[in-house]
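Welcome! Please take a moment to look over the sequence and the model below, and then we will walk through some of their features together.

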Amino acid sequence: MIAFEGVTRSYGEKLAVAGLDLTIPRGELFALLGPNGAGKTTTIKMLVGLLRPSRGTVQVAGHDLVRDPRAAHLHLGYVPDEPCLYEKLTGREFLWFIADMFGMPKAAAEKRIAAEISNFELGEFADDLAESYSLGMRQRLVFASSLLHDPDVLVLDEPMVGLDPRSVRIVKDLLRERTRGGMTVFMSTHTLAMAEELADRVGIMVRGRLQFLGTVVDLRARGSGSVEGAGGGESRSLEQLYLEITSTDGPGSSP
Amino acid sequence: MMPPPAPDAVPRPISSGAESGIFLRLRWLIARSTVGEMLRTSRLRVSLVILLSALFWGSLFGLFHEAFTFVDSLHAEVISLLFNAFFSSLMVMLVFSTGILLYSGLYTTPEARLLLTLPVRSETIFAHKFQEAFWFSSWGFILLGSPMLTAYGVVRHAPWPFFVLIIPFMVAFVAIPATLGGIVCMALVAWMPRLRLHALSIAVGAALVAMIGLAWMALASPRADAMSAAWFEQAFSRLSITEQRMLPSWWLSSGLIEAAARAKDGTVARHQTEALRFLAVLVSNALILQLVGRQVAARLHRLGASQLVSEIPTRRQRRMSWFDELLSRAGTDRGRPLRLLIVKDLRIFRRDISQWSQFVIFFGLLGLYFWNVRVFNYQHAYAAMIGFLNLAVVGLILSTFTTRFVFPMISLEGRRFWILGLLPVNRDQIVWSKFIFSFVGGIVPCCLLVALSDTMLGIEPWLIALHEVCCVVLCAGLSGIAVGIGARMPDLREVSPSKIASGFGGTLSLVISSLFIIAVVLVTAVPVHIRFAAQERGFAAAGWTGADRGVALGLAAAIVLGLLATFLPLVLGLRAFRRLEP
């Protein structure tokens, strides 16, 4: 559903993403981890069409983001780390704007908007202007808008920032349910616990290169020399393993 | 908990027309909400804006009516030349202003990033943002141009269709340079992302130099010839460069002149047909350029946006400049926090191109104008009055800066309270630091400009000294008003300085500043005028006369006004800022 093929992106002389080859199938929740400046945001920007690769291609549902961005965007939902809303629109008006942009029939849009308002508990303030919203309320509204058209691919950039514990729970439940229904989720996060809890696979990026790609179980196995709980050698916490991989003098190797 | 997605909620591509319809609805909703809110919460501001606009329009109409009556009586054909010069200058300015507005709208705003992630055509995004930029860059032109053209129609006894055609002519004309600005902007961003700022600066600089050069060529002549018939003739022959038939400004000028004309027998049909032809030329060119603009957007918009995202801001690691270091170390330890706050504001000012570039452009243009007032010959009394008018202009320009840049400083500081609140800095010092920054920053260029103006006008030394004192009074008062009201009415929710400045507090600050400038200039200018009048009539004898006492009293009144304008708002602002809970 998502395919990065030989993707390289540089900023002047600085290589932000180097030769990324990554395929994420339908229904998978993929978490991209890495320290600040590792290339996560660049990868996400290329995936949503804000940035073009210097080399290689990025495809969503078989559509190239550079050659046919509109077709690719029809299959995409995006929740940025800084939610953007029209301050002088109400939450409901914003949802209608997004639904219209995705060409949803009126009756279907009405149903979906009502459902998402209910899912994200937006009802209380859906008819207030967005300028009065807190960060958490904004984030919930952007989540709702990104799911309105039931996208095949949902891209999340630090999705839990600003959300209260109840909203975090709502989002986690939603991600599980939607991925079970076939939606592919690409998520960038710094929260290891969340990746561990939700992700089918994780990728750890360091200085523009994927240093690890696999399941959390693979990651633990790589750290301890055996799968945790299998009675093998000394097991280490996920945090320790992550720090080892991402440390500048760590053992990181190509995937 | 989550219902399965509805099977009919499948996204589908929509037509270009449907996309435009959605943006139109978006614009309507935003406009409705904005206007509704303004009417609910800012009635005073809205009334003030409408009143001032009407006043401005009426004054311009009166001014242009007089001017056209004068010019019409001299040389009727001169009108065409004036129109061409005026509209061609505006055309150049509109290309730049729309280009700059579109740069922000298409690439740098959060909305631009949102739209780039939606399945919407680039050409529709261009059309949507173009309409916005078109409105922002043309309203000033319409506010300035409509009283001028209405006055022209009235003076020439134009038939009614002329008045009906004014707005369509102006709108069709503005669309041409505005679209050109958009096309240039997209091409620059896509093909020369690294060079765009330099290219833009060079282009703006070249355009300014060309315009100043043109004005200089047109107006410069020996002092003795100034304002004479020969001077006019020479100036107009130089301005004829703007009468190129391929320029949209010529189509506009010619169309308007035709629309206002009558045949010798009083019939208008032939002239009206000709006017409509010119309008058709403007409209068709505007539409063709729109098509070109949309094609350019389809090819270059996403490419340009990507190029721009690719840029990494330069990370400066310069050491503290010698001036900053000197300022932060000079004086006592007790005053160090205050000096450090000033150094911080100074650095922000230096690194914010939008602040210092506007400062340089406005004061630079004013300097050029003052440098050129020597072209004309003046009598003493006339020169003194022009000197006071120039003083008022310097004050008014400074007041726009204090309102736009100094007034929002406290509000912006309020947002950083978590930094300042934890430092051993007295809240009063924050307010005083802004005042000193604004006062010292304003006094140097303003006093220099006033000295330049007075020297070029050949004003006597005592009057130069009086103007300089008034200038210091204005700088102190305007800084006090902006900082005091800024501290009294901070807007802690807003992050954009321009939006803070355009709020109620900013408007109030600007209005009070304008009244203060008028008051200071009047109380000093009127006694000086009376003194010169007395001298002319031979009333003034040597020594201390009643007229001299009047001048001294006027100066004293100006100083009292300055002290009031400085300290009253500052005291109110300090009190409010001490109580502020961010």
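Asp150(A) sits in the loop between H5 and E7 of chain A; helices (H or I, at least four residues) and strands (E, at least two) are DSSP runs, numbered from the N terminus. Asp150(A) is not a glycine, yet its phi is positive, at about 50°. Is Asp150(A) buried or exposed? Asp150(A) counts as buried because it has 23 C-beta neighbours inside 10 Å. A residue is buried if 20 or more other C-beta atoms lie within 10 Å of its own, exposed if 12 or fewer, and partly exposed in between, with C-beta atoms placed from the backbone.

Arg207(A) belongs to the loop between E9 and E10 of chain A. Its phi is also positive, near 45°, in a residue other than glycine. Arg207(A) has 18 C-beta neighbours inside 10 Å, so it counts as partly exposed.

## About the model

This is a predicted model, in which local features need pLDDT of at least 70 and side-chain atom pairs count only at pLDDT 80 or more, while totals for chains, interfaces and linings use all residues. Residues are numbered from 1 along each chain as its sequence is written, and chains are lettered from A and ligands numbered from 1 in the order in which they are written.

## Chain A as a whole

Chain A contains nine helices and ten strands. Its radius of gyration is 19 Å, close to the 18 Å that the globule rule gives for 255 residues, so chain A is as compact as a globular protein of that length. Here the radius is taken over C-alpha atoms, and the rule is 2.2 Å times the number of residues to the power 0.38.

Along the principal axes, the C-alpha atoms of chain A fill a box of roughly 55 × 40 × 30 Å. Of its 255 residues, 46% count as buried.

## The sheet and its helices

Six strands of chain A form an open sheet with mixed pairing, in the order E6-E7-E8-E3-E9-E10; two strands pair if DSSP finds at least two bridges between them. At the edges are strand E6 (76-79) and strand E10 (209-214) of chain A, each pairing on one side only. Within the sheet, strand E7 (residues 153-157) and strand E8 (residues 184-188) of chain A pair in the parallel sense over five bridges. Val153(A) has Thr184(A) as its bridge partner in E8(A).

Helix H5 (residues 135-147) of chain A packs on the sheet and touches E6 and E7 of chain A, with its direction at about 175° to that of E6(A). Touching means contact, with C-beta atoms placed from the backbone lying within 7 Å. Angles run from 0 to 180 degrees between N-to-C directions, and axes are lines fitted to C-alpha atoms, for helices over the stretch in contact. Helix H9 (residues 238-246) of chain A lies across strand E3 (29-33), strand E9 (201-206) and E10 of chain A, at about 40° to E9(A).

## Where the chains meet

The contact takes 38 residues from chain A and 34 residues from chain B. Which element gives the largest share of the side of chain A that touches chain B? That is H4(A), with five residues. By class, this side of chain A has 19 nonpolar, seven polar and twelve charged residues. Ala, Val, Leu, Ile, Met, Phe, Trp, Tyr, Cys and Pro count as nonpolar, Asp, Glu, Lys and Arg as charged, and the others, Gly among them, as polar.

Note on methods:
Contact = placed C-beta atoms within 7 Å.
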